[in-house]
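Please read them with the structure open.

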Amino acid sequence: FIEKEYEADLKNIVDAYKEKGYRDARILSETAQYNPDKNSVAINIDLEEGRKYYIGDIRFIGHTQYTDQYLGAVLGVQKGDVYNGVLLEKRVKDPTNLDGINIDNTYQNAGYLWSQVNLIETATRNDTIDFDIRIVENPVARFNNITVSGNDKTHDYIVLREVRTLPGQKWSKADLVESVRRLGSMGIFDASALNPEVKNPDPVDGTVDIEYQVVE
C-alpha cells in the first residue's frame with residue numbers, strides 16, 4: 001500500500017467516469033483501514049456516478065489565424081459525442097504533452113508564443129453541455145538570440161548546429177522540443193538535464209531568446 005498511489009487512483013476513478021460521459025461523478029467518502037493482524041489495508045469507496053452527458057454546441061471565439069472547420073478537426077470532438085472531459089481538456093490544451101495534437105500547440109507551433117486558449121462550459125441543457133473555446137492569439141514571436149551554457153568542453157557551434165530554433169524564425173514549441181531531442185541524442189550531454197530556457201520575451205518587439213542549458 002502506497003498512499004501517494006492510492007490518492008492518485010482516487011482521481012483516476014473520477015477521470016474514468018468523466019471519460020465515459022459522467023461529468024458529475026464524485027467520491028462521496030473513502031476509507032483505507034489498516035489491519036495489523038493481517039498486515040493488509042481494506043479500502044472502501046462510496047461514489048456517486050451522476051447522469052451521463054453528451055457534447056452540445058462548440059463555438060470558437062477570438063480566432064483569425066484558423067477557420068472553425070480547421071480548429072474543429074484539431075479538436076476531434078463533435079456535437080453529439082459522449083462527453084469525455086479528460087479528452088476534451090487534452091485536445092484544447094495539455095501541458096504534460098509538449099508535442100501532442102491540440103489547439104494550444106497548434107498556435108504555439110505557428111509563432112503564437114503569447115496565445116491563450118481556454119475551454120469554457122457555457123450551458124447545460126438536460127443531458128447536453130455547450131462549450132466555448134476562447135482564443136487570444138496575440139502577436140507572432142520570432143527567435144532572437146540563441147545561446148548555450150554549461151558546455152565547458154564542447155564548442156558552442158557544435159551544440160548550435162543541432163538546434164532548429166534559428167534567429168529570425170517564428171517561435172515554434174515543436175522546434176524547441178525537437179532541438180532538445182537532438183541534443184540528447186548526441187551522446188555527450190545528460191539528456192535528463194537539458195533545459196531550454198525562454199529568456200527576454202518581448203511582446204512589443206515580438207522577439208524571444210533561447211538559452212540551451214546543458215550538462216556534459
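1. Ile 43 counts as partly exposed because its relative accessibility is 41%, and partly exposed covers the range between under 20% (buried) and over 50% (exposed). Please keep in mind that this is a predicted model. Ile 43 sits in strand β2, which covers residues 40-48.

2. Ile 43 also belongs to a nonpolar patch on the surface, together with Phe 1, Ile 45 and Leu 47. The accessible area of these four residues together is about 350 Å².

3. Glu 48 forms a salt bridge with Arg 26, and the closest N and O atoms are 3.0 Å apart. This pair links distant parts of the chain, since Glu 48 is in strand β2 and Arg 26 in strand β1 (residues 26-35), 22 residues apart. Both partners are partly exposed: Glu 48 has a relative accessibility of 35%, and Arg 26 has one of 45%.4. Another pair of this kind joins Glu 211 and Lys 199, with 3.3 Å between the closest N and O atoms. Is Glu 211 buried or exposed? Glu 211 is buried, because its relative accessible area is 15% and buried means under 20%. Lys 199, with a relative accessible area of 29%, is partly exposed.

4. Salt bridges that share partners join Arg 23, Asp 24 and Glu 121 into one network. Within it, Asp 24 pairs with Arg 23, and the closest N and O atoms are 2.9 Å apart. Asp 24 is partly exposed, at 30% relative accessible area. As background, side chains of opposite charge can pair when their charged atoms come close. The count of salt bridges comes to 12.

5. Next, the largest pocket. Its volume is about 160 Å³. Which residues line the largest pocket? They are Lys 11, Asp 15, Lys 18, Tyr 83, Gly 85, Val 86, Glu 89, Lys 90, Lys 93, Asp 94 and Pro 95.

6. Helices α1 (3-19) and α3 (85-92) each supply at least two residues of that lining. The most comes from α3, with four residues. By class, the lining of the largest pocket holds seven charged, three nonpolar and one polar residue.

7. Asn 126 has a positive phi of about 55°, although it is not a glycine. Asn 126 is placed in the loop between β4 (116-125) and β5 (128-136). With 63% relative accessibility, Asn 126 counts as exposed.

8. For Asn 200, phi is near 50°, again a positive value in a residue other than glycine. Where is Asn 200 placed? Asn 200 is in strand β7. Asn 200 counts as exposed because its relative accessibility is 53%, and the cut-off for exposed is over 50%.

Notes. Residues are numbered from 1 along each chain as its sequence is written. This is a predicted model: local features need pLDDT of at least 70, side-chain atom pairs count only at pLDDT 80 or more; totals for chains, interfaces and linings use all residues. Side-chain values use heavy atoms; hydrogens and water are left out. Patches are made of residues with over 30% relative accessible area and no salt bridge: like charges are joined within 9 Å, nonpolar side chains (Val, Leu, Ile, Met, Phe, Trp, Tyr) within 5 Å. Accessible areas come from the Shrake-Rupley method with a 1.4 Å probe; for residues, only the protein chains shown count as cover. A salt bridge is a side-chain nitrogen of Lys or Arg within 4 Å of a carboxyl oxygen of Asp or Glu. Buried means under 20% relative accessible area, exposed over 50%, partly exposed in between (1.4 Å probe, protein chains only). On a 1 Å grid over the protein atoms alone, a cavity is a set of points where a 1.4 Å probe fits but cannot get out, and a pocket is an open set with protein on both sides within 12 Å along at least five of seven lines; lining residues have an atom within 4 Å of a point. Grid points are joined across faces, edges and corners, and a volume is the space filled by probe spheres set on the points. Ala, Val, Leu, Ile, Met, Phe, Trp, Tyr, Cys and Pro count as nonpolar, Asp, Glu, Lys and Arg as charged, and the others, Gly among them, as polar.
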